[in-house]
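Trainee: I have a protein model open and would like to learn how to read it. Could we go through it feature by feature?

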Amino acid sequence: AEAAQEWQRLLGDPEERYLAEEALGRLALAQGDPAAARRHLVKALEGNPDDGRAKGILAAVLASQGETAKAIVFSREAVRAAPEDVPTRLRLIALLMAAHQPEAVAEVANIAEEGLAYNPGNLDLLRAMRSIGRRVF
């Protein structure tokens, strides 16, 4: 509660507003309020459109609300913004595989291979490669 009050206070500071919106979005999501989380994260991205963390969290919210296509778009942007972030890569892989898009296999392979460049030997990324029939040596 104290943290939420502090973030609410920072909403009035133009230089801190997008950070406060992102934090309030994470807090709302943790409290089980995806609609509020979405509102805060959208506002955070208005203040800082390159915020990969906010894009990744928003992607998770969108996916939980059944908006897979939008979740994929934000997940792709989050991966570009934070290429070393394995959980974001794994979320994108899961979304692509669930969407059953024809180009998904090639994209999953690229996403996993790039992730392995940052995190060699990551078992989750290796499993993703194996799930599409690719071997990594």
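Mentor: Gladly! Helices (H or I, at least four residues) and strands (E, at least two) are DSSP runs, numbered from the N terminus. Just after α8, G133 takes a positive phi of about 80°. This is a predicted model, where local features need pLDDT of at least 70, side-chain atom pairs count only at pLDDT 80 or more, and totals for chains, interfaces and linings use all residues. Residues are numbered from 1 along each chain as its sequence is written, and side-chain values use heavy atoms, with hydrogens and water left out.

Trainee: How many helices and strands does the protein have?

Mentor: There are eight helices and zero strands. The C-alpha trace spans about 50 × 30 × 25 Å along its principal axes.

Trainee: How do I read whether a residue is buried or exposed?

Mentor: Buried means under 20% relative accessible area, exposed over 50%, and partly exposed in between (1.4 Å probe, protein chains only). Of the 137 residues here, 39% count as buried. In helix α8 (residues 123–131), the buried ones are L125, A128 and M129.

Trainee: What covers the buried residues of α8?

Mentor: Here we need contact, which means heavy atoms within 4.5 Å. The cover includes α6 (86–99) and α7 (104–118).

Trainee: And what should I look for at the start of α8?

Mentor: Look for a polar contact: a pair of N or O atoms within 3.5 Å; within protein, one must be able to donate a hydrogen and the other to accept it, and residues adjacent in sequence count only if both atoms are side-chain atoms. In α8, a side-chain oxygen of N122 comes to within 3.0 Å of the backbone nitrogen of D124.

Trainee: How do I describe two helices that pack together?

Mentor: Axes are lines fitted to C-alpha atoms, for helices over the stretch in contact, and angles run from 0 to 180 degrees between N-to-C directions. Angles under 35 degrees count as roughly parallel, over 145 as roughly antiparallel, 65 to 115 as roughly perpendicular and the rest as oblique. Helix α2 (residues 17–30) and helix α3 (residues 34–47) pack at about 160°, with axes 7 Å apart. The two are therefore roughly antiparallel. Residues making this contact include Y18, E21 and E22 of α2, and A36, A37 and H40 of α3.

Trainee: What is the handedness of the crossing of α2 and α3?

Mentor: A crossing is left-handed if the near helix is turned anticlockwise from the far one by less than a right angle, and right-handed if clockwise. α2 passes α3 in a left-handed crossing. The crossing of α5 and α6 is left-handed too; helix α5 (residues 68–81) and α6 pack at about 150°, with axes 9 Å apart.

Trainee: Is E22 buried or exposed?

Mentor: E22 sits in helix α2 and is buried, with a relative accessible area of 1%. Its side chain makes a polar contact with the side chain of R53 (2.4 Å). Among the residues E22 touches, not counting those up to four places away in sequence, are L41, A44 and I57.

Trainee: Which residues does P34 touch?

Mentor: P34, in helix α3, is partly exposed at 28% relative accessible area. Not counting residues up to four places away in sequence, P34 touches V61, S64 and Q65.
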